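Subject: Structure handover

Hello,

I am passing on the structure below, followed by notes on what was found in it. Please read the notes with the coordinates open.

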Amino acid sequence: MTGGIQRLGMFGGAFDPPHNAHVALVQAAMAQLQLDELRVVPTGHAWHKARVLTPARHRLAMTRLAFAGLPGVVVDDREMHRSGPSYTLDTLREFAAEQPGARLYLVMGEDQADALPSWHGWQDILPIATISIAEREHPTRDDAGFDPAKFPQGRFETLRWPPMPVSATQIRALTAKPHNTAQEIAELVPGPVARYIEHHHLYLAT
Ligand code: ATP
């Protein structure tokens, strides 16, 4: 790992597939949190997702394509090499050991923050990392959003960005439609990711 890192970010996800909101969110986090490096970490076996994920090699390849060329952003495939479930807590502990003295930031969308109490070892994550939360639009949700007051032991920062109503679920559903248009998908994912999906015939069934 690169030396001299003082502010290290982590952004985990299934990235099935990675999309434009992921990329915009990472760019906002780099700028606002003044990160020296941000690790984008595709999950291996996602314990919290009900569906079976696309094979790791495809998700990793697409994640590399999506984040290529962003200064300071490194795609880190360590969770894909872990047997069993991949836990963010374990990854953060590894980062803390590899970069003693670095401040850790865990970047996530508001839906993940809302689910924080269901995360494996969430009480142990709070002392290790500042959690940086990006607003996510929920057309069906009527509550006021994530409430940091429920976690007095945590450090939270709101990520300022123009919320983007994009999800991987929506992209998979669009791709599976019999008469999908490449144009619709091209508006939601980076160009190289759209071409990868097409070339490898991904998401043709939901
Ligand atoms: P799916 O629709 O399959 O659940 P997703 O679009 O939520 O996928 P993930 O790979 O599960 O994508 O998300 C990785 C991280 O990105 C999570 O922290 C999630 O909250 C965040 N994220 C994804 N899309 C958005 C968005 N539009 N706005 C804010 N955060 C987002």
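Strands β2 and β3 run parallel and are joined by three bridges. Across this pairing, valine 40 has valine 75 of β3 opposite. Please keep in mind that the model is predicted.

The sheet

The two strands belong to an open sheet of six, ordered β3-β2-β1-β4-β5-β6, with parallel pairing. Its edges are β3 and β6, each of which pairs on one side only. On average, neighbouring strands are turned by 25° against each other, direction ignored. Helix α1 packs on this sheet and touches β1, β2, β3, β4, β5 and β6; the direction of α1 makes about 120° with that of β6.

The cores

Which residues have the most contacts inside the largest nonpolar core? They are Val26, Leu38, Val40, Phe67, Val107 and Leu159, in a core of 38 residues. At least two residues each come from α1, β2 (37–42), α2 (56–67), β3 (73–75), β4 (103–109), α6 (168–176) and α8 (191–199). The most is given by α1, with seven residues. For valine 26, the contacts beyond four places in sequence are Phe11, Leu38, Val40, Phe67, Leu70 and Val73. Another core lies apart from this one; it has 22 residues, including Leu89, Phe95, Ala113 and Phe146. As general background, nonpolar side chains in soluble globular proteins tend to be buried together.

Aromatic pairs

There are six aromatic pairs in the structure. One of them is formed by tryptophan 122 and phenylalanine 151, with 5.4 Å centre to centre and 85° between the planes, and it is edge-to-face. Tryptophan 122 is in helix α5 (residues 122–125) and phenylalanine 151 is in the loop between β5 (129–134) and β6, so this pair ties together parts that are 29 residues apart in sequence. Phenylalanine 151 also pairs with phenylalanine 156: the ring centres are 6.0 Å apart and the planes stand at 55°, so this pair is tilted.

Are the residues of these two pairs buried or partly exposed? Tryptophan 122 and phenylalanine 151 are both buried. Phenylalanine 151 counts as buried because its relative accessibility is 6%, under the 20% limit. Phenylalanine 156 has a relative accessibility of 21% and therefore counts as partly exposed. Ring pairs link Trp122, Phe146, Phe151 and Phe156 into a cluster.

Two single residues

Histidine 19 sits in the loop between β1 (7–13) and α1 (20–32). Its relative accessible area is 3%, so histidine 19 is buried. Leaving out residues up to four places away in sequence, histidine 19 touches Val166, Ser167, Ala168, Ile171, Leu188, Val189 and Pro190.

With a relative accessible area of 29%, glutamate 157 is partly exposed. Under the same exclusion of sequence neighbours, glutamate 157 is in contact with Gln32, Leu33, Tyr105, Thr130, Ile131, Ser132 and Ile133. Between glutamate 157 and alanine 66 there are 25 Å in space, C-alpha to C-alpha, and the two are 91 residues apart in sequence.

Regards

Methods
Residues numbered from 1 in each chain as written. Predicted model: local features only at pLDDT ≥ 70, side-chain atom pairs only at ≥ 80, totals over all residues. Heavy atoms only, no water. Buried < 20%, exposed > 50% of the residue type's maximum accessible area, 1.4 Å probe, protein only. Contact = heavy atoms within 4.5 Å. Helix = DSSP H or I, 4+ residues; strand = E, 2+ residues; numbered from the N terminus. Core = buried A, V, L, I, M, F, W, Y, C linked by side-chain atoms within 4.5 Å. Phe/Tyr/Trp six-rings, centres within 6.5 Å; stacked < 30°, edge-to-face > 60°. Pairing = 2+ DSSP bridges. Axes fitted to C-alpha atoms, helices over the stretch in contact; angles between N-to-C directions.
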